[in-house]
Amino acid sequence: MVPFRSDLEPKRRSVVSNRDSVRENSSVDFPRLPSNNPRMPRPDAVRRVKSYSAADGYVYQYYFFEGNRAQRGGNHGGEFTYVVTADRHTAFPFKIFVMQSALDSWAKLNGRPLSSSEEYAVAKMRLFQAFDEGAVLAPAAGQPPREVIVDESNLEEMLGRLGI
């Protein structure tokens with residue numbers, strides 16, 4: 001039995017030594033092939049389309065597109081963009097600009113600033129007023145989107161509609 005055992009000993013050592021050499025060379029990189037499945041583009045945000053029956057007889061459909069801090073003629077404020085349609089075929093952007101000076105004046109008189117949600121609500125009330133006035137029109141081809149403004153003259157009225 002002893003000779004048989006000695007025959008196996010060297011084989012075991014060679015197997016162990018091969019494993020060790022594989023571990024030493026484990027840093028060998030295999031080139032990765034480019035994937036044939038490109039990344040999917042991120043889907044657009046799901047927009048909730050809402051309706052508004054205006055005093056002018058039209059039923060407008062609209063959704064909020066984006067809000068940004070912006071500047072108009074040296075005046076800072078919040079710019080709220082809505083996408084609007086009156087005929088369900090052509091949609092166009094419409095902007096509401098809430099002037100920061102009006103917000104600052106209101107905050108000074110009332111001891112607190114409006115929250116971002118309240119500022120958004122003011123812009124939405126101004127959009128509804130523009131619907132009722134018939135002021136929401138598609139821009140002429142090649143023209144920038146039309147907009148209406150919330151300033152010191154109409155901020156209190158918008159806040160009154162909200163009960164603020």
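Biologist: Among contacts in the protein chain between residues at least 6 apart in sequence, what share join residues at least 24 apart?

Modeller: Keep in mind that this is a predicted model. The count takes contacts in the protein chain between residues at least 6 apart in sequence. Of those, the share that joins residues at least 24 apart is 51%.

Biologist: In what order do the elements of the protein chain run from the N terminus on?

Modeller: The chain has four helices and five strands. Buried residues make up 29% of its 164 residues. From the N terminus on, the order is α-β-β-β-β-α-α-β-α.

Biologist: Which strands are the edge strands of the sheet?

Modeller: The sheet is open, with five strands in the order β1-β2-β3-β4-β5 and mixed pairing. An edge strand here pairs on one side only. That leaves β1 (50-53) and β5.

Biologist: Which strand runs parallel to β4?

Modeller: β3 and β4 pair in the antiparallel sense, over eight bridges. A parallel pairing joins β4 to its partner through five bridges.

Biologist: How many bridges pair β2 with β3?

Modeller: The two strands form a hairpin with two residues between them. Arg-69 stands opposite Gly-78 in β3, and Ala-70 stands opposite Gly-77. The pairing is antiparallel, and the number of bridges is 11.

Biologist: Which residue has a positive phi in the turn between β3 and β4?

Modeller: Val-83 has Pro-93 in β4 as its bridge partner. The hairpin of β3 and β4 has six residues between the strands. A positive phi of about 65° in that turn belongs to Arg-88.

Biologist: And in the turn between β1 and β2, which residue has a positive phi?

Modeller: Four bridges join β1 to β2, in the antiparallel sense. Tyr-52 stands opposite Tyr-60 in β2. Five residues lie between the two strands of this hairpin. The residue with a phi of about 95° is Gly-57.

Biologist: Which element gives the most to the largest nonpolar core?

Modeller: This core has 28 residues, and those with the most contacts inside it include Tyr-62, Tyr-82 and Phe-94. Elements that give two or more residues to it include β2, β3, β4 (92-99) and α2. With seven residues, the element that gives the most is α3.

Biologist: Is Tyr-82 buried or exposed?

Modeller: Its strand, β3, is mostly covered, with nine of 11 residues buried. The cut-off for buried is under 20% relative accessible area. Tyr-82 has 0% relative accessibility, so it counts as buried.

Biologist: How far apart in sequence are the parts that the pair of Tyr-62 and Tyr-82 ties together?

Modeller: The model holds 12 aromatic pairs. Tyr-62 and Tyr-82 form one that is edge-to-face, at 6.1 Å centre to centre and 65° between the planes. Tyr-62 lies in strand β2 (residues 59-72) and Tyr-82 in strand β3 (residues 75-85), so the parts tied together are apart in sequence by 20 residues.

Biologist: At roughly what angle do the axes of α2 and α4 cross?

Modeller: Ala-102, Leu-103 and Trp-106 in α2 meet Leu-155, Glu-156 and Leu-159 in α4. The residues of this contact divide into five nonpolar, no polar and one charged. The axes come within 11 Å and cross at roughly 65°.

Technical notes: Residues are numbered from 1 along each chain as its sequence is written. This is a predicted model: local features need pLDDT of at least 70, side-chain atom pairs count only at pLDDT 80 or more; totals for chains, interfaces and linings use all residues. Side-chain values use heavy atoms; hydrogens and water are left out. Axes are lines fitted to C-alpha atoms, for helices over the stretch in contact, and angles run from 0 to 180 degrees between N-to-C directions. Contact means heavy atoms within 4.5 Å. Ala, Val, Leu, Ile, Met, Phe, Trp, Tyr, Cys and Pro count as nonpolar, Asp, Glu, Lys and Arg as charged, and the others, Gly among them, as polar. Rings of Phe, Tyr and Trp (its six-membered ring) pair if their centres lie within 6.5 Å; planes under 30 degrees apart count as stacked, over 60 as edge-to-face and the rest as tilted. Buried means under 20% relative accessible area, exposed over 50%, partly exposed in between (1.4 Å probe, protein chains only). A nonpolar core is a set of buried Ala, Val, Leu, Ile, Met, Phe, Trp, Tyr and Cys residues joined through side-chain atoms within 4.5 Å. Two strands pair if DSSP finds at least two bridges between them.
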